[in-house]
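Here is a short briefing on a protein and its ligand. Look at the sequence and the structure first, then work through the points below.

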Amino acid sequence: MIASECEPYAKSGGLADVVGSLPVALQELGHRVIVILPKYSAVDSIRYGLQPFMSPIGVWMGNAQEWCSAHSAHKQGVAVYFIESKKYFDRWGYYHDPDMNDYLDNARRFGFFTRAALQLCRDMGFRPDILHVHDWQTALGAAYLKIWHWNDPLLGQARSVLTIHNIAHQGVYDRADYEYLGLQWGNFTSDKFEDHGKINMLKGGIHYADMVNTVSPSYANETRTPEGGSGLAPYLNARGDDYIGILNGADYAIWNPETDPLIPANFSRADLGGKAVCKRELQKRFLLDVNPDVPVIGVVSRLAAQKGLDLLAASIEAMVEDMSVQFVVLGSGEKGLSHYFGTLPARYPGKIGSYIGYSEELSHWIEAGSDFFLMPSLYEPCGLNQIYSLRYGTLPIVRATGGLDDTVQQYDERKGTGTGFKFIQPNASALYNTVGWAVSTYFDRKAHLLKMMRAAMAKDYSWNQSARQYERMYLRARSL
Ligand code: ADP
């Protein structure tokens, strides 16, 4: 498995959770998995016990050889290797600088990394049955197998699987890098790498991978349409049945209120006492009015347009003015949204709390201590936080899109069934109304709320299920 992120070493979003969990789950099914990652300067070598593994590794890029080295570590029995290149990975961020500008050499950085990872397999004598690549950053691996390694004694029999975690990010870069990437000009055609005169790395991967999947069945359907495919729908449709959706699993070793070491008190479906403690501590920590009878709505999110936080920005002030409700927002990303949510607590003291930045600990506190969890995403390939929320009895309020629609069951007011609240229209009034619906349920239909919490906490989205579906996809790729 070759990827640009893996929890806990390097994480900016759900990709890291998947690459962190799936290999472990596959290994439990009896497979041998190795994971190869870039050694960003942010990877904490000492904390994770990285050891020098191999040096030097020669990687052909364009018509010259470049050099790197590899380090190794272990994650729950899975061997993890890190490609070290000072030139490409000794920087502040994974993909962009502190001002959110993409690094201009991203195509080269991840092209190099992907080729280096394949070279590492060769140099260490590893013969994979499946090469699993993720998103544009490593999509070229599928192409390199077919272009360069079809005859290789170690890699020649490998089949490739590409997982798309977000179709909006395609790795589109200037054709000036094409030569360097070693993809051969004959493949610079509109069905493979060419996209309006530029290189589209994900598109090439979709063409070359033996199987392609994305992270929920609904998102697989949405990406097959012009509105949802960000320009790649025709190429996904061309793959027919070789493009499928597999829901991400949750790592319940990390996200379990019964054992979570990060939260103020543990709790379970049978004993919700600790949840009240978590709520009180959350209210204190975010300087909210400490009141067990006011519902708290949590948000943990990248602050990006995709996440629908513009809708929240357009309605949150009206909500705290009109309703008895509190908000806690944890997020980082776009400057405008960061500024807006960062300054809200000063304007609505006691009612809105926020922390602009990345904090693993606070994300657990919010999952545990909130009554509801809000995800108003415009689109959501899978979404993990709503799955974690279910386990913590924190009912999701979500827009009915992609994985959110697949994992949250709509509240039925007659029967008191369901696991959350869903809205369809991507606008601020739909969001306002749905939060109003959840808040009124909190005050007026307490029995329903408890029933829903218990139903939510019993849901099982563990990796074991998803890993078996990946296993079936790998077998299919091998049979092609
Ligand atoms: P995406 O991959 O689009 O960001 P997901 O819901 O699939 O969305 O995954 C997001 C992951 O990143 C979750 O594990 C979430 O808890 C975490 N996360 C996002 N923003 C933050 C933040 N500011 N602090 C801590 N964790 C965060």
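**The ligand and its shell**

In this predicted model, an N or O atom in the side chain of Lys-307 sits 2.7 Å from an oxygen atom of the ligand. Such a pair is a polar contact, meaning N or O atoms within 3.5 Å; within protein, one must be able to donate a hydrogen and the other to accept it, and residues adjacent in sequence count only if both atoms are side-chain atoms. The protein covers 94% of the 560 Å² of accessible area that the ligand has on its own (Shrake-Rupley method, 1.4 Å probe; for residues, only the protein chains shown count as cover).

Two notes on the model:

- It is predicted: local features need pLDDT of at least 70, side-chain atom pairs count only at pLDDT 80 or more, and totals for chains, interfaces and linings use all residues.
- Residues are numbered from 1 along each chain as its sequence is written, and side-chain values use heavy atoms, leaving out hydrogens and water.

**Around the ligand**

- Arg-302 has a polar side-chain atom 2.8 Å from an oxygen atom of the ligand.
- Leu-384 uses its backbone: a polar atom there is 2.9 Å from a ligand oxygen atom.
- There are 18 residues around the ligand (a heavy atom within 4 Å of it).
- Among those that come nearest are Gly-14 and Gly-357.
- The shell holds five nonpolar, nine polar and four charged residues. Here Ala, Val, Leu, Ile, Met, Phe, Trp, Tyr, Cys and Pro count as nonpolar, Asp, Glu, Lys and Arg as charged, and the others, Gly among them, as polar.
- Strand E12 gives the largest share of the shell, three residues. Helices (H or I, at least four residues) and strands (E, at least two) are DSSP runs, numbered from the N terminus.

**The open sheet**

- Six strands form an open sheet in the order E14-E13-E12-E15-E16-E17, with parallel pairing (two strands pair if DSSP finds at least two bridges between them).
- Strands E14 (352–356) and E17 (421–423) stand at the edges with a single partner strand each, so one side of each has no neighbour in the sheet.
- E12 (residues 296–303) and E15 (residues 372–375) run parallel and are joined by two bridges.
- Gly-298 stands opposite Phe-373 in E15.

**The hairpin**

- Strands E2 (residues 51–61) and E3 (residues 64–75) pair in the antiparallel sense over eight bridges.
- Ile-57 stands opposite Cys-68 in E3.
- Two residues lie between the strands of this hairpin, and Gly-62 takes a positive phi near 55°.
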